[in-house]
Amino acid sequence: GPASAAGPGTNHATDDPFTSSRTAWFRDAKFGMFIHFGAYSQYEGEYTRPDGTVCRNAEWIKRSCAIPTAAYETAARQFNPSAFDAQAIVSAAKNAGQKYIVITSKHHDGYAMWPTKQNTWNLRDHSSFSPDRDILAELKTAADAQGIKLGFYYSIWDWHDPDFPNADTFPKYRTRMYAQLKELIDNYDPALLWFDGEWDTDNPVNRWSRQDGAELETYLRGLDPGLVINNRVGKRRVVDGDYGTPEQTIPGAPVDGQLWESCMTLNNSWGYAKHDTDWKTATTVVQNLLDISGRSGNYLLNVGPDKLGRVPAASLDRLDDVGRWLSTAGQGSAVYGTGGATGLVADPAWGAVARKGHAKLYASVFTPSWPAAGQALHLTAKVPFTVNSARVLNSSGTVTVTKAGDGFDLKPSGGPVDGAASVIELSITPPS
Ligand code: FHN
């Protein structure tokens, strides 16, 4: 099932990921772009079987539609993402308020999106793409130019490598995998590695173990002590790496004391799927981001470029709207650099509360929950503290704060601001 942000695991870093300066950029970034892009994108989510029946899937299409390897390799030879525009993609992320990008360097199909020397199953040696181009290098250059951190997703589970399925030759796969990861670190200097496919499964049998994960983490930290690494290196039930990775979900309980990141699709597919038009609204994305930030988490939101490398217009539209909300009247203050307010207040039903430093709380009221005229929102305090002032961002409205029972009643003077949520900034004196 989806990873949980479970209790701390056997992290092999020499520091505490939740407080270390090494992970500070990640902790403060809050919002990132996931990119699922690979040989599977050539199918654009649909495969017509020899018998004429149609099978739909995105990045799992080879497995889910039982495409013969020879046919899949033939399709990959057509892959030519000539329209991939790293500058435009990085700008879209930056404009959306996303501070880091994680792109699939190699998904379960084993196809490498860089000119690896470990095999010829890659974008340089097995495609119709220009041999003069390197999309990971282009993305790194664009990300550096725009101050965006770049990370790579890497699947441990490999459906293509001939040594992966065989217990006797699996060590050869592991050696190639280590060599590929060194290529990625040496050639593109990623800030973060996002492992996946470490879980027990078959077809092919996945022989990767917790011990393999521990050794991998130690190896990587030896190559680059500054790396941020997710928890899917050994077993994702515990946080082996630096942070937990709940997927398509926001953990119910606030997760204190450790880093975590919820990854989600914008529709229902990670890789591009031309028939999947079930797009989340920008409102949903903003409210998810506020909810996650209020629990000290990050939100990694996915785009799936099509076979030419173009990000779907609907994805760009949502990202543009989210960026506009965040950059309006400082509403992003409720997100960036915040942590959970879980030590101070109970999780409200009307939205989310995040804490910034010691003296600021951001109470984000999701628009449907904005109180009717004369009504108040209740903020339940877990420990005594005082509220010195309150104001609504992006509004001239005022907020009257009165102590009430186990907390405070917040009574706004006006209506909600336009959009997904109204942010009430509270200046507080916390418990000493
Ligand atoms: O199997 C993958 C899936 O294709 C996708 O990459 C997601 C993204 O987190 N991870 C795995 C499913 O948990």
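Predicted model: local features only at pLDDT ≥ 70, side-chain atom pairs only at ≥ 80, totals over all residues.
Student: Which side chains have an N or O atom by an oxygen atom of the ligand?

Tutor: Look for pairs of polar atoms. The side chain of histidine 36 places an N or O atom 2.8 Å from a ligand oxygen. Tryptophan 60 has a polar side-chain atom 2.9 Å from an oxygen of the ligand. For tyrosine 153, the distance from a side-chain N or O atom to a ligand oxygen is 3.5 Å.

Student: How much of the ligand's accessible area does the protein cover?

Tutor: On its own, the ligand has 330 Å² of accessible area, and the protein covers 93% of that.

Student: Now salt bridges. What is the general idea, and how many does the structure hold?

Tutor: Side chains of opposite charge can pair when their charged atoms come close. This structure holds 22 salt bridges.

Student: What does a salt bridge inside a helix look like?

Tutor: Take lysine 140 and aspartate 144. Their side chains meet in a salt bridge, at 3.2 Å from N to O. Both residues lie in helix α5, which spans residues 135-145. They are four residues apart, about one turn of the helix.

Student: Are those two partners buried or partly exposed?

Tutor: Check the relative accessible area, where under 20% means buried. Lysine 140 has 16%, so lysine 140 is buried. Aspartate 144 has 47%, so aspartate 144 counts as partly exposed.

Student: Which parts does the salt bridge between arginine 232 and aspartate 196 tie together?

Tutor: The closest N and O atoms of arginine 232 and aspartate 196 are 2.9 Å apart. Arginine 232 lies in the loop between β7 (228-229) and β8 (243-244), while aspartate 196 is in strand β6 (residues 192-196), so the pair ties together parts 36 residues apart in sequence. Arginine 232 is buried, at 0% relative accessibility. Aspartate 196 is buried too, at 8%.

Student: What about aspartate 317 and arginine 318?

Tutor: They form a salt bridge, with the closest N and O atoms 2.9 Å apart. Aspartate 317 is partly exposed at 36%, whereas arginine 318 is buried at 18%.

Student: Last, a strand. How many residues of β1 are buried?

Tutor: Count along the strand, then check each face. Strand β1 covers residues 31-35, and five of its five residues are buried. Phe31, Met33 and Ile35 are on one side, and Gly32 and Phe34 are on the other. Both faces are covered.

Student: Which strands pair with β1?

Tutor: Look for bridges between strands. β1 pairs in the parallel sense with strand β10 (residues 298-303) over five bridges. In β10, leucine 301 is the bridge partner of methionine 33. β1 also pairs in the parallel sense with strand β4 (residues 100-106), over four bridges. There, isoleucine 35 stands opposite isoleucine 103.

Key: Residues numbered from 1 in each chain as written. Heavy atoms only, no water. Polar contact = N/O pair within 3.5 Å; in protein donor to acceptor, adjacent residues only side chain to side chain. Areas by Shrake-Rupley, 256 points an atom, 1.4 Å probe, with all protein chains shown as cover. Salt bridge = Lys/Arg side-chain N within 4 Å of Asp/Glu carboxyl O. Helix = DSSP H or I, 4+ residues; strand = E, 2+ residues; numbered from the N terminus. Buried < 20%, exposed > 50% of the residue type's maximum accessible area, 1.4 Å probe, protein only. Pairing = 2+ DSSP bridges.
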